[in-house]
Amino acid sequence: MREADAIRRLNEWGGQPLPISASAWYDGTLALRLSGAKAAIAAARKLIGGDEMPDADNFWLAMREQSNDFFSQSHVLWRLSVPSVATPIPLDGTQLIEWGGAQRWLRTHDSSLESANAIRSATAAVGGHATLFRGGDRSTAVFTPLSPTLPTIHRRLKAQFDPAGIFNPGRMYPD
């Protein structure tokens, strides 16, 4: 299944009273986890179709723990948070889609500042933001830079909740 088709279906199903508790699209395959009453699951399976996944519990555990093949490779890993209806984001690398299309993971080899800027720009173009999750050059901004008014608010909140400055020093902003 193409990425655009998976996103479209996830949004169609998301607007219906279906017992979908998890979703993942990767390498052309869309997987859904159905949870709830047996009658609701049976009705959803009849409507959605598809095949039952062998060893589904281990699949979803590996997704949650990020221990499946996609996450276990030593690449630069980005977490993209976008509106669930966002179209596919044309980026170099391999993508995995979760949370009904709203969370996307990008695995790439390039950790340059130019690549980071391109990823953030493409993600912002669909209404989202990108976070450097693992690997890459962590001396550059890990998080999408804040708009000019937000750093003051962030600093004030941090001063109230973390007056000693012990949580993630230097992570959200350099000082």
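The legends below describe close-up views of pockets and a cavity in a predicted model. Local features need pLDDT of at least 70 and side-chain atom pairs count only at pLDDT 80 or more, while totals for chains, interfaces and linings use all residues. Residues are numbered from 1 along each chain as its sequence is written, and side-chain values use heavy atoms, with hydrogens and water left out.

**View 1. The largest pocket has a volume of about 830 Å³.** Of its 30 lining residues, Leu30, Ala31, Leu32, Asp51 and Met53 are the closest to the centre. A pocket is an open set of points on a 1 Å grid over the protein atoms alone, with protein on both sides within 12 Å along at least five of seven lines; lining residues have an atom within 4 Å of a point. Points are joined across faces, edges and corners, and the volume is the space filled by probe spheres set on them. β2 gives the largest share of this lining, 6 residues. Helices (H or I, at least four residues) and strands (E, at least two) are DSSP runs, numbered from the N terminus.

**View 2. The second largest pocket has a volume of about 390 Å³.** Ser21, Ala22, Ser23, Glu98 and Trp99 are the closest to its centre among 21 lining residues. Two or more lining residues come from each of α1, β1, α3 and β5 (103–108).

**View 3. The second largest cavity has a volume of about 40 Å³.** A cavity is a set of grid points where a 1.4 Å probe fits but cannot get out. The whole structure holds 2 cavities of 30 Å³ or more. Phe70, Phe71, Gln73, His75, Leu77, Arg107 and Arg134 line the second largest cavity.
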